[in-house]
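Me: I would like to learn how to read a model of two chains, from the overall fold to the contact between them. Please take it feature by feature.

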Amino acid sequence: MVQIPRWQYITVIVVLLGGLILAAPNLISRQAAEELPNWLPSDQINLGLDLRGGIHLLMEADIQGVIEERQNNLAETLRLDLRRDGIEGTRISVAPDGAVILRLADPSQVDLAKDIARRQSVDYLVTSEGDNGVRVEYSDQALIQLANQIMEQTLEIIRIRIDETGTREPSIQRQGSERILLQLPGVDDPERVKDLLEAEAKLNFKFVDENVVPGVDRTPPGTEILPSREVGPNGEPVSYAIRKRIMVSGENLVDAQATFQDNQPVVSFRFDSEGAKRFARATQENVGRLFAIVLDNEVISAPVIREPILGGSGVISGRFTTQEVNDLALLLRAGALPASLVFLEERTVGPGLGADSIRAGEIACILGFILVVIFMGSTYGMFGIVANVALVANLVLIMAALSLLQATLTLPGIAGIVLTIGMAVDANVLIFERIREEARLGRGPVGAIDAGFRRAITTILDSNLTTLIAAFLLFFFGSGPVKGFAVTLSLGIISSMFTAFMVTRLLISFWLRRKRPKALPI
Amino acid sequence: MALIKRITTTPKLDFIGKRNIFLACSGALVALSVILFFVQGLNFGVDFRGGILVEVRTTAVCDISDLRSRLGGIGLGEVTLQEFGQPEDVLINVEKPQGDEAEQIEAINVLKAALEGCVEEYRRTEFVGPKVGSELKQAGILATLLSLLGIGLYIWFRFEWQFSVAALIALAHDVITTIGFYALTQIEFNLATLAAVLTIAGYSINDTVVIFDRVRETLRKYKKMAFLELLNLSINLTLTRTVLTSVTTLIALIALFIFGGEVIRGFAIGLIWGVVIGTYSSVGLAVPLLARMHLRGGTMASSEEADEGPANKAPDSA
């Protein structure tokens with residue numbers, strides 16, 4: 001134990017030097033670190049959102065809603081197809097579990113109805129229900145595929161929307177089957193981000209039903225009453241009767257830009273060729289009538305068609321601020337979300353609190369460190385100083401490991417480091433106490449130190465491994481801040497074992513050989 | 001120079017002789033904690049309870065009572081306000097927002113609109129919907145139980161089963177009394193606090209294992225010594241280390257408690273309590289429990305004859 005092979009010396013020196021180099025970029029500013037030449041390590045510790053400020057949003061995509069919508073459409077299509085093939089009097093309903101149920105008037109036509117249903121898509125599972133019923137539902141595989149497809153599209157659109165806001169280092173991850181976790185560092189306007197994400201951005205051009213006065217007449221089928229962004233002369237809310245049939249949909253847009261018209265902020269847009277054709281035909285046939293621009297079930301404006309619009313482009317105007325026009329153009333460019341999003345969790349930390357937390361954490365770390373160093377020095381004298389050197393090495397290694405792994409340091413993570421400062425000396429205390437004990441039994445300095453290290457090793461391994469098990473489980477089953485804590489605690493335990501076995505032992509054996517002491521200083 | 005030189009002999013305190021007193025104290029503490037938990041309950045934070053928490057720094061023209069009157073009539077249900085660290089920092093807690101996730105997130109906008117002009121900085125906003133709140137709670141309970149199980153299995157693997165049982169009882173004692181501590185003080189119980197509880201479990205087991213290690217060693221060394229005397233010797237042999245490690249850890253934690261900032265304070269105080277109770281339970285509960293397990297009569301007796309006993313495989317027997 002006291003005789004240390006050369007490779008161990010080399011290992012310790014290499015590890016410590018490597019640690020110093022990896023930890024060093026944390027001592028300079030982030031900007032300076034980025035300007036370091038490529039061959040130097042420049043990774044700094046990755047600060048969590050609670051320290052650098054930012055927004056954390058957990059969202060859930062309403063896939064069930066998309067499936068319901070599709071099943072409703074399927075029910076309508078089947079109604080038409082069945083009638084066309086001569087099956088009359090069928091009752092069609094959508095069950096709560098999402099299956100379309102056909103109740104046929106004539107049980108002998110069940111097989112024909114099944115064929116018609118199967119023809120719709122290979123994704124459907126068609127089974128009998130009773131003697132006159134047919135059940136049409138998505139197969140399990142198709143459901144998974146559909147969900148994956150919706151999630152991929154949703155992620156992509158969120159990514160475009162967020163990228164266009166110019167946020168640096170956004171993290172957008174799918175979590176589980178229907179959830180998306182979005183983390184944006186340093187965002188100062190969380191409400192805008194939420195608005196941008198929440199908007200489905202389904203833009204449609206529809207006709208206004210001019211025969212219906214909202215709130216007075218009965219709304220006929222095929223028409224719906226939608227609120228408007230416009231306000232009346234006395235500031236009262238306005239709503240329009242809008243035909244449900246879509247004239248041209250936003251899917252046919254190829255570009256949208258924020259611009260000005262008559263000093264008003266507006267969004268200019270361009271249709272693709274198909275959209276342009278449809279828009280031209282619709283406007284040609286309906287000069288003098290009102291059409292409505294509807295975004296997410298809200299009427300943005302309802303202008304009169306003064307002349308046919310043939311060029312395939314136009315502007316959307318209507319009481320916008322510049323910011324709103326920018327965001328609308330952005331949303332239209334990114335495209336509509338396939339499924340609506342619900343926010344399940346939001347955590348926003350302002351830059352002020354983050355900076356305060358870092359400062360407080362630093363003070364706590366430094367003070368804790370100084371106090372522990374004084375305590376160890378006065379308790380163990382020379383050996384205490386050795387333990388303190390090991391403690392410094394320990395802290396350097398934790399910093400290096402955090403930088404290298406790019407693990408996220410959170411506020412509870414800082415607490416983990418402070419706790420580690422306290423616990424790290426434990427391994428040294430165990431060794432020193434054991435050495436003292438062996439010396440008391442009558443061994444000389446070399447014998448006592450040798451036996452002390454040897455005996456203490458099992459204890460240190462056993463006790464630290466149990467804590468490590470707890471820390472690992474915390475990491476795997478904990479969430480957010482708890483994970484950050486588990487990371488620094490685990491790193492602290494591992495590096496404290498290394499520094500106690502290697503650094504402390506190396507220093508003491510060095511001292512032994514230089515001084516050849518007759519008695520131990522502890 | 002080294003103060004430790006003043007302690008020249010192994011202390012000879014009689015812990016085992018007082019084991020019934022310790023047992024009674026621990027029993028009372030656990031009973032009290034359970035009662036507190038069920039009568040008083042924990043003051044769950046937004047993580048587990050769900051709801052909205054907003055920390056604001058007010059402008060010079062507003063104080064907490066202005067905020068209170070502004071938030072009084074906006075229909076968000078029960079809203080509590082408290083100062084957080086300094087007079088201009090206010091914590092706004094919407095205890096039970098109405099409706100589903102979409103309506104609750106809308107409530108944040110309502111709240112921010114009502115505070116217009118009063119707020120210099122939104123320091124943090126936390127919204128946890130009902131779905132995520134209950135998931136976090138389940139995950140937390142799972143993490144705690146699995147940690148305890150993992151620790152128990154490891155000790156069973158490294159020691160005799162009696163050690164494992166004693167360690168787990170001591171561990172459960174620490175976890176329960178820490179929860180009792182949070183119930184008594186009504187300090188907010190959130191994700192970070194849960195991490196504190198699990199760390200306490202880790203720290204306490206660390207302490208226990210160090211003494212158990214020594215018990216195992218002395219068992220092998222002094223085969224003729226009376227079992228109770230042997231347990232007491234093991235505690236005393238490791239006592240200096242137990243105290244020193246607790247002191248250094250407490251020093252660091254107290255620094256964290258005083259200087260670590262308002263957000264971390266509830267977490268630090270729990271750890272401080274846990275280090276104290278964890279140290280006590282290792283000495284006063286885990287080892288005395290071994291006294292009741294008749295270790296010598298069973299497995300240990302056989303390892304005297306044959307060296308293949310699992311305990312003897314440990315590398316330190318070399």
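Me: What is the mean pLDDT of chain A?

Reply: This is a predicted model, and pLDDT is the predictor's confidence in each residue. The mean for chain A is 87, with 100% of its residues at 70 or more.

Me: How do I read the overall form of chain A?

Reply: Compare the radius of gyration with that of a compact globule. For 522 residues the globule would come near 24 Å, whereas chain A has 35 Å. Along the principal axes, its C-alpha atoms fill a box of roughly 110 × 65 × 40 Å. The chain holds 14 helices and 18 strands, and 42% of its residues count as buried.

Me: What is the strand order of the open sheet of eight strands?

Reply: Read across the sheet, noting the chain of each strand. The order is 7(A)-8(A)-2(A)-17(A)-4(B)-1(B)-3(B)-2(B), and the pairing is antiparallel. At the edges, pairing on one side only, are strand 7 (171-175) of chain A and strand 2 (79-84) of chain B. Neighbouring strands are turned by 20 degrees against each other on average, direction ignored.

Me: Which helix lies across strand 2 and strand 17 of chain A together with strand 4 of chain B?

Reply: That is helix 5 (residues 130-158) of chain B, which runs at about 70 degrees to strand 17 of chain A.

Me: How many residues of each chain are in contact with the other?

Reply: The size of an interface is often given as the accessible area lost when the parts come together. Here the count is of residues: 68 of chain A are in contact with 70 of chain B. Elements of chain A that give two or more residues include strand 17 (341-349), helix 12 (411-440) and helix 13 (445-477). Helix 10 of chain A gives the most, 17 residues. By type, the chain A side has 39 nonpolar, 19 polar and ten charged residues.

Key
Residues are numbered from 1 along each chain as its sequence is written. Chains are lettered from A and ligands numbered from 1 in the order in which they are written. This is a predicted model: local features need pLDDT of at least 70, side-chain atom pairs count only at pLDDT 80 or more; totals for chains, interfaces and linings use all residues. Two residues are in contact if their C-beta atoms, placed from the backbone, lie within 7 Å. Helices (H or I, at least four residues) and strands (E, at least two) are DSSP runs, numbered from the N terminus. Ala, Val, Leu, Ile, Met, Phe, Trp, Tyr, Cys and Pro count as nonpolar, Asp, Glu, Lys and Arg as charged, and the others, Gly among them, as polar. Two strands pair if DSSP finds at least two bridges between them. Axes are lines fitted to C-alpha atoms, for helices over the stretch in contact, and angles run from 0 to 180 degrees between N-to-C directions. pLDDT is the predictor's confidence in each residue, from 0 to 100. The radius of gyration is taken over C-alpha atoms; the globule rule is 2.2 Å times the number of residues to the power 0.38. A residue is buried if 20 or more other C-beta atoms lie within 10 Å of its own, exposed if 12 or fewer, and partly exposed in between; C-beta atoms are placed from the backbone.
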